[in-house]
Amino acid sequence: MSSNPSQGIPLRTIHEFPGGVHPGENKEQSTRTPIATPPLPNTFILPLNQHSGAPAELLVKVGDYVLKGQMLARANGFVSSPVHAPTSGTVTSVGMHPVPHWSGLEETCLVLEADGKDQWCELDPVADYKTVEKDELVQCIHDAGIVGLGGAGFPAAVKMSSRKASKIHTLIVNGAECEPYITADDMLMRERADRLLGGIEILQHMLNPQEVLIGIEDNKPEAIEAMRKVCAGKDAIEVVPVPTKYPSGDAQRLIWLLTGKEVPSDARSVDIGMLCYNVGTLVAIYDAITEGKPLISRVTTLTGAALHQPGNVEALIGTPAEHLLEFAGIQDEQFDALVMGGPMMGHTLDTTAVPVIKTSNCFIAASREEFPPPPPEQACIRCGMCADACPLSLLPQQLYWHAKSQNHEQLHHHNLFDCIECGACSYVCPSSIPLVQYFRAGKDEIRFQKAKSEKAERSRQRFEQRQKRLEAVAAEKEARRKANAEKARRAKEAKAAAGQSAGQNSADTSAADAKADMIKAAMERAKAKKATRAAGTDVATASSGKPARPQLSPKQKELKIQLSVVNAQIKKCERAASQAGENSSPEAEKLQADIDKLKQQQTQLKAEFEAASAPTEAPAKPAKAELSADEKKHKIELAMARAAVKKAERAVTTAKESDSDQLQTLQQQLEDKRRELARCEEAV
Amino acid sequence: MDTAIYALLALLALALAFGALLGFASEKFKVEGNPIVDQINDLLPQTQCGQCGHPGCRPYAEAIANGEEINKCPPGGQATINALADLLDQEPMELDDEHGVEKPPMVAFIREDECIGCTKCIQACPVDAILGAAKQMHTVIADECTGCDLCVEPCPVDCIDMVPIATTTRTWKWDLPKKQTETANLIATDTQGELV
């Protein structure tokens, strides 16, 4: 007695939602045969973005051999989902490939060449989920790549890991499947009711809801029967047939139907203590927990007038649609358009090369008579049928006018973003206005403008921060310059005072004059150089579009640097010598000797530089490469010695200035250093 | 006579009281700067490209507030002109070609193997969207690039290209349905295409 499911079950009030339509169901074509398994295709195409959220991040590279069920790409961020290998084989390429998307654009896909062995990787099932913590199970579901199989592809684990998920009182199981043509969920419930129940029980363990409501449209009596049979004796689980009306399969419409509660506009179902899962998702969760199998296949309906054997198949994710269509006996002469999803919310595909993805619940290979091209759009006659049909009680007619005139404020005002794009309004429109397309365009435009203004705001902030930074740097520079000027002024004053007190000023003034002259000359030289360079650049730009730059080999550069260093040293020595001469110091002769030596060096370097410039770069380079370790060592020593000499020289000059008594020792040191330098030079 | 004097006195007292109140309010609730400049600045695209002849978007916003034409912003295009016209209660006008033409959104791209690391582009970028250091290769932070073109000119080796931002499935957007004019068979009883 109690096994009779129609008895002992309390009558549940069904809360009708407003609007809705009754399009031709066309479901019987694909329910005649059980779920079939098509042969393994040779090639799989796996898009990295089969879910809502961020695309997955690739873990394998081209040429890798992978096993069935192995993770190929991991979730990238919180709202994301991994992708697994649907069979064993080799990754042959990663690149752009057409995917089932409205735009017809290509996306990054991984191409897997099957080896035919279909060999599973090692699976890691949960032995007894009842003893396992909820978080661990959530992680399992996440790692198995399970997303909502009903259509939107929202990662299943994200919904249940929300903080509010601890207060779930009702679990809704969505088996309504209101969209015409599609029978994937129907066949799944008929054939896999026990696994579906297993999935429900796992979620009961995890979320601990008070009741579980399985909503199934009453045009699927076999599915209702099958579900009632397995759920018999389960107190908390109830199978509720709902009247057939499109779009009762929308999660929030189904919640309304079963509980009479409406999810607020800016909230999700979890906010009112409910969670809704598609039946296919629950079976996938069961497989993932008890068998450790990731989501690598799904039930997909193949139907349409151009197919000889329409029906449902267990399609591996990544199977090209053409492979499945061939399996279902496609008749090329009939075939006109390929639609993914149903006729209400689905979209046509430009090519049959697209793969099955996690959200592909149906492929319709339609003939021209079945889906004729849309009649031309007529003027809106303000009949109001769209408003009657809208399941959300929106005003599609108003939205249409505002979308057309791009009046975004009014679109917001009329709650455009509550539109679920079910297409009921377009379906009933006597003027055949593609209303949903207007709404989608309006939504996308608003999102686009929002993104644009957000970016503008960010750019503005960056610009202002940069301005601030530049100002701060400029202010700092100015302050430093002022401080330096102040210091110089003070030093000058002090010097002047000292000079006056010493009574000798003629030498100083002449030296200062000479210095000023030299600076002036240098400035003029620089100016002339700049002018010639500018002229040269102009000519070069005019002729080739690119500034001509003298090509110097590293060797030449090095020599040039050495040459300029020697030049500088000569100048310095000369200056010192002239000073010494004036003071009639005994140093003068020694300095003169130094100058001679340096000049010699200079001529030598010049010769070397010319020698290096004359031949092409080719011989110069290997010469450098041929440096032995010994030579290198010598070179380093030489550089060090040079630095030491410079240092000593500086120390000597400072000592001279301050008339220090250490002058003698320092000079001695300088001599030593110079000798060392000469030794090094010889060694090199 | 007395009545008239009382009335006058009363009016005078009221005038003084309200005058003081207004004077106080104008000090207390003083608006800093010109609020219309901020509103205009919010509508400008913030590319900071200088195509309008001003050094940045804000200076142009200030110029508009002082009566300059609103059609000098090519990156903003017609949409910005319309928004500005709406804000300032002017007639929308065509974009002034003198300052450039409306282009699809662009992003700068540095051919990295040609970059010599001179940092000139880094100094030119108004939004610090180029990363690099002296003698190190530079690269553009594409998400922050406003496509303003300012880095192209200073590059001594011409290794910066402006490339249009490619549409992906994430940035693709629906268009409004097209008018079916190409199928229009202009027979009165069988009009194809839209009747407006």
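In what order do the five strands of the open sheet in chain A stand? The order is S13-S12-S16-S14-S15, with mixed pairing; two strands count as paired if DSSP finds at least two bridges between them. Helices (H or I, at least four residues) and strands (E, at least two) are DSSP runs, numbered from the N terminus.

This is a predicted model, in which local features need pLDDT of at least 70 and side-chain atom pairs count only at pLDDT 80 or more, while totals for chains, interfaces and linings use all residues. Residues are numbered from 1 along each chain as its sequence is written, and chains are lettered from A and ligands numbered from 1 in the order in which they are written.

**The sheet of chain A**

Strands S13 (311-316) and S15 (347-349) of chain A each have a single partner strand, so one side of each lacks a neighbour in the sheet. Neighbouring strands of this sheet are turned by 35° against each other on average, direction ignored. Strand S14 (residues 335-340) of chain A runs antiparallel to strand S16 (residues 362-367) of chain A, and five bridges join them. A:Leu338 has A:Ala365 in S16(A) as its bridge partner. Across S12 (297-303), S13 and S16 of chain A lies helix H3 (residues 184-191) of chain A, at about 125° to S12(A). Axes are lines fitted to C-alpha atoms, for helices over the stretch in contact, and angles run from 0 to 180 degrees between N-to-C directions.

Chain A as a whole has 19 helices and 16 strands. Of its 684 residues, 35% count as buried, that is, with 20 or more other C-beta atoms, placed from the backbone, within 10 Å of their own.

**Annotated cysteines of chain B**

An unreviewed UniProt entry lists B:Cys125, B:Cys145, B:Cys148 and B:Cys151 under "binding site"; such annotations may be inferred rather than shown by experiment. These residues are spread over 27 residues of sequence, yet they cluster in space, with a largest C-alpha distance of 10.5 Å.

| Residue | Loop in chain B |
|---|---|
| B:Cys125 | between helix H5 (120-124) and strand S2 (130-131) |
| B:Cys148 | between strand S3 (139-140) and strand S4 (160-164) |

B:Cys125 counts as buried because it has 26 C-beta neighbours inside 10 Å. B:Cys148 is likewise buried, with 24 other C-beta atoms within 10 Å. Not counting residues up to four places away in sequence, B:Cys148 touches B:Thr47, B:Gln48, B:Cys49 and B:Pro126.

**The interface**

In the contact between the chains, 29 residues of chain B meet 25 residues of chain A, contact requiring C-beta atoms, placed from the backbone, within 7 Å.

Methods
Two residues are in contact if their C-beta atoms, placed from the backbone, lie within 7 Å. A residue is buried if 20 or more other C-beta atoms lie within 10 Å of its own, exposed if 12 or fewer, and partly exposed in between; C-beta atoms are placed from the backbone.
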